[in-house]
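Hello,

Here is the structure I said I would pass on. My notes follow below it.

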Amino acid sequence: MKFMIGADIGTTSTKAVIYDDEGTIKAVHHVEYPLHTPTADTAEQDPNEIFDAVLMTIKHVVREAGAAKNEIAFVSFSSAMHSLIVMDDDNEPITRSITWADNRSYQYAKKINKEYNGLDIYHRTGTPVHPMSPLSKIMWLKEEKPELFQRAKKFIGIKEFVFYKLFNRYVIDYSIASATGLFNIHELDYDKDVLQLLDIDDSQLSEPVDTTTYYEDMDRRFADVMGIDAGTPFVIGASDGVLSNLGVDAFKPGEVAVTIGTSGAIRTVIDQPKTDKQGRLFCYALTKDQWVIGGPVNNGGIVLRWIRDEFAASETETAKRLGVESYDVLMKIAERVPAGSNGLLFHPYLAGERAPHWNADVRGSFFGLTLSHKKEHMIRAALEGVIFNLYSVFIALNVLMDEPVKSLKATGGFAKSELWRQMMADIFEHDLIVPESHESSCLGAMALGQVALGMKKDFSHISDMVGASFEHTPAFDNVKIYREILPLYINLTQSLEENYAAIAAFQRRHEQLLEEN
């Protein structure tokens, strides 16, 4: 018996899944860790806590599956993108891991866009200029923390930190590299102009390698902790987003994956790197020969949680007493209202927004409120707003796709709701499939590992491992309504663009005054 492990280093936890040689899940384990948010714009984690979580999750699934040390065929990795850790001359971290959610470099993202032709940088690197990216973070460090910047031997991400600890080498896969804003996706090497802008050189960055690269000379101490041989191949893998597409069987031409968890994303796989003229989409590597284009959104399920907490406190309390899921109650309330929420629109930008705006200053709003609108209209409008925003990204995606959309596959917590699934089918005007795929990023990492080790020649076997839980067909009456109201939603967002910066500045000033008082 041989076992394969897919590990996903996430923002809130690290998860490991162990599969037998037929691809059946034998054990799953995850270890959570805190996100440090001392200010509204700060979002950091302890890299050593995350490394320990990697060791513990792998140790746990190996033990639970009853796998012997020599029975692990490989471990392959998925990881969250855009993190930044500064390492000193002693190869020790002198910062926490600054995550994608950290917004402290927002002013420098604006500066890069305005003063250094950010759109041109985007076309070379595939990463829209935004506070999430290491590009903006390094400029922020250079300008605001010069002593720390000068001490930097290396600027790395969380997966690089894990591989350094295990193998004593600094390596970064093309997928994570393509999400830094530092890496030229057309040359598969660091962008010289970007490095010059930041006053760093490639010796301060990790060696870029293909996502199928693996290493077998692990530090024996850590191998013993995990209960595996030190010579076990560790496949460097890719990012969580691109591997999620692989894990839900959405990697062939024309297949689109939509994910809504706390945040959300929409992605498709193409054969060569492409960028959007307006800079609305990312372009990240799956392998050097397959690329994922799409857009992430900040505002997914977090909007529903806000609606629950701020608009439905009494209903939530009743649900608790009855032992009913509070979100199910919200969906029942929203079902009372027809498509279009009687002309009430909600822009779901409660946490700024990435795609399609890439603007940390955009803000949420209800538009069209009248005395006839009730709580249920506001709840449904919020649900629709999340899907409208994803559809705005979908419009840009269609322009760059190699082939017309053949299938739309939806995953994430929202897929539990029949109402939300049907809403997506109606708004996107396309049949919707909910794949029966568990732990999609770990499954994608495992499949990538199989190809890396020569166990499979390509990814075609994924289709046999992923079934379908639900299927939805657009309801024509709803489609007609959404066709009418969607242009209003998009036009309104554009008309508010010049006011977002002003209201965001006002809010920051008054938050600061409150803190000082």
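In which loop is Gly368 found? Gly368 sits in the loop between β20 (365-367) and α14. Please keep in mind that this is a predicted model.

Is Gly368 buried, partly exposed or exposed? Its relative accessible area is 31%, so Gly368 counts as partly exposed. Leaving aside residues up to four places away in sequence, Gly368 touches Gly343, Leu344 and His373. Gly449 is 81 residues from Gly368 along the chain, and the C-alpha atoms of the two are separated by 51 Å.

Helix α14 covers residues 375-400 and packs against helix α18, residues 476-516. The angle between them is about 80 degrees, and their axes are 11 Å apart. Angles of 65 to 115 degrees count as roughly perpendicular, and α14 and α18 are therefore roughly perpendicular to each other. On the α14 side, the contact involves Arg380, Glu384, Gly385, Phe388, Asn389, Tyr391, Ser392 and Ile395. These meet Tyr482, Ile485, Leu486, Tyr489 and Ile490 in α18. By type, the residues of the contact of α14 with α18 are 8 nonpolar, 3 polar and 2 charged.

Helix α14 has a contact with α13 (residues 326-334) as well, where the two axes come within 8 Å and cross at roughly 105 degrees. That angle makes α13 roughly perpendicular to α14. Leu330, Met331, Ile333 and Ala334 of α13 make this contact with Glu376, Ile379, Arg380 and Leu383 of α14. The residues of the contact of α13 with α14 divide into 6 nonpolar, no polar and 2 charged. Arg380 is listed in the contact with α18 and in the contact with α13.

I also looked at cysteines. A disulfide is a covalent bond between the sulfur atoms of two cysteines. How many disulfides does a search of the whole structure find? The search finds 0. Cys283 has 0% relative accessibility and so counts as buried. Cys442, at 2% relative accessibility, counts as buried too.

Finally, the UniProt record. An unreviewed entry there lists "domain: Carbohydrate kinase FGGY N-terminal" at residues 4-247. That span is 36% helix and 24% strand, and its end C-alpha atoms lie 15 Å apart. UniProt also places "domain: Carbohydrate kinase FGGY C-terminal" (unreviewed entry) at residues 257-452. Residues 257-452 are 41% helix and 21% strand, with end C-alpha atoms 24 Å apart.

Regards

Technical notes
Residues are numbered from 1 along each chain as its sequence is written. This is a predicted model: local features need pLDDT of at least 70, side-chain atom pairs count only at pLDDT 80 or more; totals for chains, interfaces and linings use all residues. Side-chain values use heavy atoms; hydrogens and water are left out. Axes are lines fitted to C-alpha atoms, for helices over the stretch in contact, and angles run from 0 to 180 degrees between N-to-C directions. Helices (H or I, at least four residues) and strands (E, at least two) are DSSP runs, numbered from the N terminus. Angles under 35 degrees count as roughly parallel, over 145 as roughly antiparallel, 65 to 115 as roughly perpendicular and the rest as oblique. Contact means heavy atoms within 4.5 Å. Ala, Val, Leu, Ile, Met, Phe, Trp, Tyr, Cys and Pro count as nonpolar, Asp, Glu, Lys and Arg as charged, and the others, Gly among them, as polar. UniProt positions are given in the numbering used here, feature names are shortened, and annotations may be inferred rather than shown by experiment. Buried means under 20% relative accessible area, exposed over 50%, partly exposed in between (1.4 Å probe, protein chains only). A disulfide is a pair of cysteine sulfur atoms within 2.5 Å.
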